[in-house]
Amino acid sequence: MKRAIFPGSFDPITNGHYDIIKRGVSLFDEVIVAIGVNAEKKYMFTLEERKKFIEETFKDEPKVKVITYQGLTIDLCKKENADFILRGLRNPADFEFEKAIAHTNRSLSRIETVFLLTAARTSYISSSIVRDVLRNGGDITRLVPEAVMANK
Ligand code: ADP
């Protein structure tokens, strides 16, 4: 079974994440969306909210599973029996950052990172932009899946 972990903060899930997960589903038998818990980080949405947004968005997609985790992504891969890490690339800055992580993960394990180039129409979206728009009372309808709009 080809299983991929899609790790991130998802604070909140955006249409960019949605695009990567949907396309991941066509490549893998199962995509595990793994919400990382970092005690040092301040989040806008609670872990439960972030998880609920993703679960609701993919409630009709049985190949998508949502979990939370702490620690190294490669340790999670071993635990979940996943041979792949899925990541999205938006721009050269993402590439440089992701390259170092993927090399490190590969040197520590046999796990391959699979990169998907973001769709042009969502490549400008980031969770931090969504949070900024929200904080300033703007409309995020075009930036996030409906579940976020319904429950925020
Ligand atoms: P992190 O805390 O690791 O930055 P994010 O939740 O921001 O987590 O992102 C998780 C993954 O989703 C990363 O691979 C990131 O490149 C990807 N991603 C973020 N925004 C987009 C987007 N607009 N289009 C495609 N992929 C994206």
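**Stop 1: helix H5**

Select residues 127-135, which form helix H5; its buried residues are Ser127, Val130 and Arg131. They span an arc of only 100° around the axis, which means they sit on the same side of H5. That arc is taken from the directions running from the helix axis to the C-beta atoms. Buried here means under 20% relative accessible area, with exposed over 50% and partly exposed in between (1.4 Å probe, protein chains only). Helices (H or I, at least four residues) and strands (E, at least two) are DSSP runs, numbered from the N terminus. As a reminder, an α-helix has 3.6 residues a turn, so residues three or four places apart point the same way.

Before going on, some ground rules: this is a predicted model, where local features need pLDDT of at least 70 and side-chain atom pairs count only at pLDDT 80 or more, while totals for chains, interfaces and linings use all residues. Residues are numbered from 1 along each chain as its sequence is written, and side-chain values use heavy atoms, leaving out hydrogens and water.

Then step just past the end of H5 to Gly137, which takes a positive phi of about 75°.

**Stop 2**

Which residues does Ser127 touch? Leaving out residues up to four places away in sequence, select Asp11, Pro12, Thr14 and His17; contact means heavy atoms within 4.5 Å. Ser127 has a relative accessible area of 13%, so Ser127 counts as buried.

Next, click Ser126, in the loop between strand S5 (112-117) and H5. Ser126 is buried too, at 13% relative accessibility. Outside four places in sequence, Ser126 contacts Thr14 and Arg90. For a distance check, pick Glu49: its C-alpha is 18 Å from that of Ser126, and the two are 77 residues apart along the chain.

**Stop 3: zoom out**

Show the whole chain as a cartoon. You'll find six helices and five strands, running β-α-β-α-β-α-β-α-β-α-α from the N terminus on. The C-alpha trace spans about 45 × 35 × 30 Å along its principal axes. Of the 152 residues, 47% count as buried.
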